[in-house]
Amino acid sequence: MGVKTMLPSYELGFYALAVTCAVVYSGSGIFEASRDSMNRKAFRDGIKPGWHYFGRKMDVADFEWVMWFTSFRNVIIFALSGHVLFGKICSMTVPQHRAVVYMVYGVLAVLGSMGLVYLMIILSHCLVLYSVALAKQKWLCYVAGLCCLASFKVEPFSSWQSGFVTGAFDLQDVLFYGGSGFTIMRCMSFALESSERKEGIYSIFDLLKYNFYLPFFFFGPVMTFDQFHAQVSTRELRRKDDEMRNIRVHALLHVGAIIAVDIFFHFFYILTLPSDLKFMNRLSDWSL
């Protein structure tokens, strides 16, 4: 107990080599199966023309991926560009109120994309968990948060809440459950931080500023309340020496990941192939 050691470099290298060879060997089988089945009649709906200079069609069975990069692409760019623009203007003029601007913009974005009733559902969960936070009992915060999460999976609460949202569009369910789930997780973080605060409790306004920060609202990442509150409460905005370099590096990594996944969908039809069980029976064990 308490002894920490690292495996020898040659052993780690051997494991890495074995895994790499296995992945390459199985990947070659999937690549061949994808290439030979490109024009199969059974895969006509899942494989569509993609980047023409690849000379290969693209697997479009990933519904969410296709929606984000077709019909919702311009909406995302427009919404996040507005968030950055208004936030920058506010930071240059009245930096002490930039969190309020972020909150108002986030509320308007959620209202415009999901409707008033969905906004009321989100606010009701915020109000419930804020009320629980007033008791300053951690166990109660956990129980209330888990019960709120369960309300989206347990009938009749699930259908009752989702039934309030009228209309329909391609990613409505994804945005509905994503925004709701992450809202409850943020409210739990707020409640737990409030429970540990020695003097008083954070206001519900602090919770709303935290919850409706648009880049985090629907899918995260989840920044804990204490980190968010410390950043938005800073009046003197100073950029770190390597901050812009880190932003550029992370931006390039995200763009690279997006391109890599898109290339992957052009060469490996792993989402469409399982739709034909007869074809799957002919594949090797390694490919499966």
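Is Phe 14 buried or exposed? Phe 14 has a relative accessible area of 54% and is therefore exposed, where exposed means over 50%, buried under 20% and partly exposed in between, computed with a 1.4 Å probe on protein chains only.

The model is predicted: local features need pLDDT of at least 70, side-chain atom pairs count only at pLDDT 80 or more, and totals for chains, interfaces and linings use all residues. Residues are numbered from 1 along each chain as its sequence is written, and side-chain values use heavy atoms, with hydrogens and water left out.

The whole structure contains 25 aromatic pairs, a pair being two rings of Phe, Tyr or Trp (its six-membered ring) with centres within 6.5 Å, classed as stacked when the planes are under 30 degrees apart, edge-to-face when over 60, and tilted otherwise. Phe 14 and Tyr 15 have ring centres 6.1 Å apart and planes at 55°, so this pair is tilted. Tyr 15, with a relative accessible area of 39%, is partly exposed. Phe 43 and Phe 279 form an edge-to-face pair, at 5.6 Å centre to centre and 90° between the planes. This pair joins distant parts of the chain, 236 residues apart: Phe 43 lies in the loop between helix H1 (9-36) and strand S1 (47-49), and Phe 279 in helix H13 (residues 277-280). Helices (H or I, at least four residues) and strands (E, at least two) are DSSP runs numbered from the N terminus. Phe 43 is buried because its relative accessible area is 1%, and Phe 279 counts as buried at 8%.

Ring pairs also link a cluster that includes Phe 190, Tyr 202, Phe 225 and Phe 228. The charged end of Arg 197 sits over the ring of Tyr 202, 4.2 Å from its centre; the criterion is NZ of Lys or CZ of Arg within 6 Å of the ring centre and within 35 degrees of the ring normal. Tyr 202 is also among the contacts of Ser 194, together with Ala 133, Lys 136, Gly 200 and Ile 201, when neighbours within four places in sequence are left aside. Contact means heavy atoms within 4.5 Å. Ser 194 belongs to helix H8 (residues 172-196) and is buried because its relative accessibility is 0%.

Charged side chains complete the picture. The structure has three salt bridges, each a side-chain nitrogen of Lys or Arg within 4 Å of a carboxyl oxygen of Asp or Glu. Glu 196 and Lys 138 meet at 2.6 Å, N to O, joining helix H8 to helix H6 (residues 138-150) across 58 residues. Glu 196 is partly exposed, at 48% relative accessible area, and so is Lys 138, at 39%. Asp 206 and Lys 209 form another bridge at 3.6 Å, both within helix H9 and three residues apart, about one turn of the helix. Asp 206 is buried, with a relative accessible area of 15%, and Lys 209 counts as buried at 16%.
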